[in-house]
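Please walk through this structure with the helix packing in mind.

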Amino acid sequence: MHALIIDDSRAMRMILRRILDELGIGATEAAHGAEALGLLSAGLHPDLCLVDWNMPVMDGCTFVSEVRKVREWRDITLMMVTTESEHSQIVRALAAGAHEYVIKPFTADAIQDKLELLGLVEAGVLS
């Protein structure tokens, strides 16, 4: 399994990469949605994208909408990982095509729980 971590914070990308490493998931990183779309257009096809909402150049919700427009990318699982905690924002992201939503700050267990719900990891990997 391979993931694409999309966040403008290098520290957040490192935290998420460490969690994914512990779960046995390899990862590529992008600093914003446009860079991530470029990676997908160049042939990267991750199983999972962890997407921040607030980023320069292209925000996470726009990235999700753009990915959902491309048939070849519809099998990619999209999970928002963001500080946006208002119910309307969560609804907006899910309506755009995100599968799950994690609010920062989070724990490694919270990420694992969401990935278990999505069927991407087995229970208890981080225990």
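Is the crossing of α2 and α3 left-handed or right-handed? The crossing is right-handed. The contact draws on Gly33, Ala36, Leu37 and Leu40 from α2. From α3 come Phe63, Glu66 and Val67. By class, this contact has five nonpolar residues, one polar and one charged.

The model is predicted. Now take the geometry. Two packed helices are described by the angle between their axes and the distance between the axes. Helix α2 spans residues 33-41, and helix α3 spans residues 60-68. Their packing angle is about 25 degrees, and their axes lie 9 Å apart. Angles under 35 degrees count as roughly parallel, so α2 and α3 are roughly parallel to each other.

Helix α3 also meets α4. Here the axes come within 8 Å and cross at roughly 20 degrees. α3 and α4 are therefore roughly parallel to each other. In this pair, α3 passes α4 in a left-handed crossing. On the α3 side, Cys61, Val64, Ser65 and Arg68 make the contact. The contact of α3 with α4 divides into four nonpolar residues, one polar and two charged.

Helix α4, residues 87-96, leads on to the strands. Together, β4, α4 and β5 make a right-handed β-α-β unit. Strand β4 covers residues 77-82, and strand β5 covers residues 100-103. The two strands pair in the parallel sense over four bridges. Which residue of β5 is the bridge partner of methionine 80? The partner is tyrosine 101.

Note on methods
Residues numbered from 1 in each chain as written. Predicted model: local features only at pLDDT ≥ 70, side-chain atom pairs only at ≥ 80, totals over all residues. Heavy atoms only, no water. Axes fitted to C-alpha atoms, helices over the stretch in contact; angles between N-to-C directions. Parallel < 35°, antiparallel > 145°, perpendicular 65-115°, else oblique. Left-handed = near helix turned anticlockwise from the far one by under 90°. Contact = heavy atoms within 4.5 Å. Nonpolar A, V, L, I, M, F, W, Y, C, P; charged D, E, K, R; others polar. Pairing = 2+ DSSP bridges. Right-handed = clockwise from strand over helix to strand, strands pointing away.
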